Amino acid sequence: MTKKELLYLLALQRIPNIGHISAKKLLRHLGSAENIFKEKKSNLLKIDGIGLHTLKELHNSFYLDEAETELKFIEKEGIEVIYFQEKNYPERLKQCIDAPVLLFQKGNIDLQRKKIISIVGARKVTTHGIAFCEKLVEDLAILNPVIVSGFAYGVDITAHKAAIKNGLQTIGCLAHGLNQIYPKVHSKYRDQVEAHGGFMTDFWSDAKFLPQNFLSRNRIIAGLGQATIVIESAEKGGSLVTADIANSYDREVFAVPGRPSDSQSKGCNDLLKQQKAHVLTSAADLIYMLNWDLEEKKPQQQSLFVKLTPAEQKLFDALQKHGKCELDHLAIESGLPTFQVASLLLNLELKNLVRPLPGKQFEVI
């Protein structure tokens, strides 16, 4: 993409009434943004779905002037701009009909051939929610997923910090330009996030903090990930919007169940009740539902001297004794709580000692 074409793309992005869907339609017909601006309006109107209202401001030079200003900011700040027709545009996001024509990013982001999950949830997260999020990311770390979230209070920043702690790439999707950080208190994490991934947005540097911007940001969070996980949510909130968007993109959605009396579990429980999400009680649930444990595993010779913790050994012995077992039955046989059994089974699976079977059963390899 040349500097001149980027200028026209920025101007196209700025024009009122030309949204991401209309812009992509015009680009596919004309081949470039520059051609759109130079084409006769009468010819553009022949394109299905493009009307006078859409093209009303197309030839207003004001938007090219604004694009010049933004382009100078992009160059000054060393911002990477990704065009939706380029190979480095996130593959899963590209599949979404309303994906941005242009993405702006900063940091060390690499999404090629990566497992990507989006984690969202309540801003007023409970201590239980924080602990669950941290444990989930820790247990998934061996699979090296990219952790995507919105860099907001609560679950978002917990997910980013957990990713950094476990050496994982993390991406903060912003509802504003890359010239600032919101909330400001999270500025102290900026360098760490950029070192372990980075920030991504489709907003310009002059974007204001409008409620609709945060909702628009959520489509990028949902679009990037193979799955969206809701850790906690009240009855209403942005996390539920993200879950709905992910469902509309035919992505898997997971929700952590909670007690009916807990206000911060109401949203998650409703998602489960309405069958809009899978139950998530541990990393093992996610791996099983996404078939990550079945993907391109190279044959391995089982080690005769695998080190096991006392709890892992106890569970392994119980499974070896009884053969195929369901998780609940294993909990009874081993005398361990169900939540711990799920985590231990994941550890044994990653050590190539146990494999999951249909019907949530497990057996020794």
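Trainee: Why is Phe62 called partly exposed?

Mentor: This is a predicted model, and in it Phe62 has a relative accessible area of 43%. Buried means under 20% and exposed means over 50%, so Phe62 falls in between and counts as partly exposed.

Trainee: And what makes Tyr63 buried?

Mentor: Tyr63 comes out at 11% relative accessibility. The cut-off is under 20%, so Tyr63 counts as buried.

Trainee: Why are the rings of Phe62 and Tyr63 called an edge-to-face pair?

Mentor: Two checks here. Their centres are 5.3 Å apart, and rings pair within 6.5 Å. Their planes sit at 80°, and over 60 degrees counts as edge-to-face, so that's the label.

Trainee: How do you know that Tyr8 and Phe37 are a tilted pair?

Mentor: The structure holds 6 aromatic pairs. For Tyr8 and Phe37, the centres are 5.3 Å apart with 50° between the planes. Stacked needs under 30 degrees and edge-to-face needs over 60, so 50° lands on tilted.

Trainee: What makes this pair a link between distant parts of the chain?

Mentor: Tyr8 is in helix α1 and Phe37 is in helix α3, 29 residues apart.

Trainee: Are Tyr8 and Phe37 buried or exposed?

Mentor: Tyr8 has 12% relative accessibility and Phe37 has a relative accessible area of 10%. Buried means under 20%, so both count as buried.

Trainee: What makes you say Arg123 lies over the face of Phe214?

Mentor: Arg123 is at 5.8 Å from the ring centre, and the distance limit is within 6 Å. Phe214 also belongs to a cluster with Tyr182 and Phe209, linked by ring pairs.

Methods. Residues numbered from 1 in each chain as written. Predicted model: local features only at pLDDT ≥ 70, side-chain atom pairs only at ≥ 80, totals over all residues. Heavy atoms only, no water. Helix = DSSP H or I, 4+ residues; strand = E, 2+ residues; numbered from the N terminus. Buried < 20%, exposed > 50% of the residue type's maximum accessible area, 1.4 Å probe, protein only. Lys NZ or Arg CZ within 6 Å of the ring centre and 35° of its normal.
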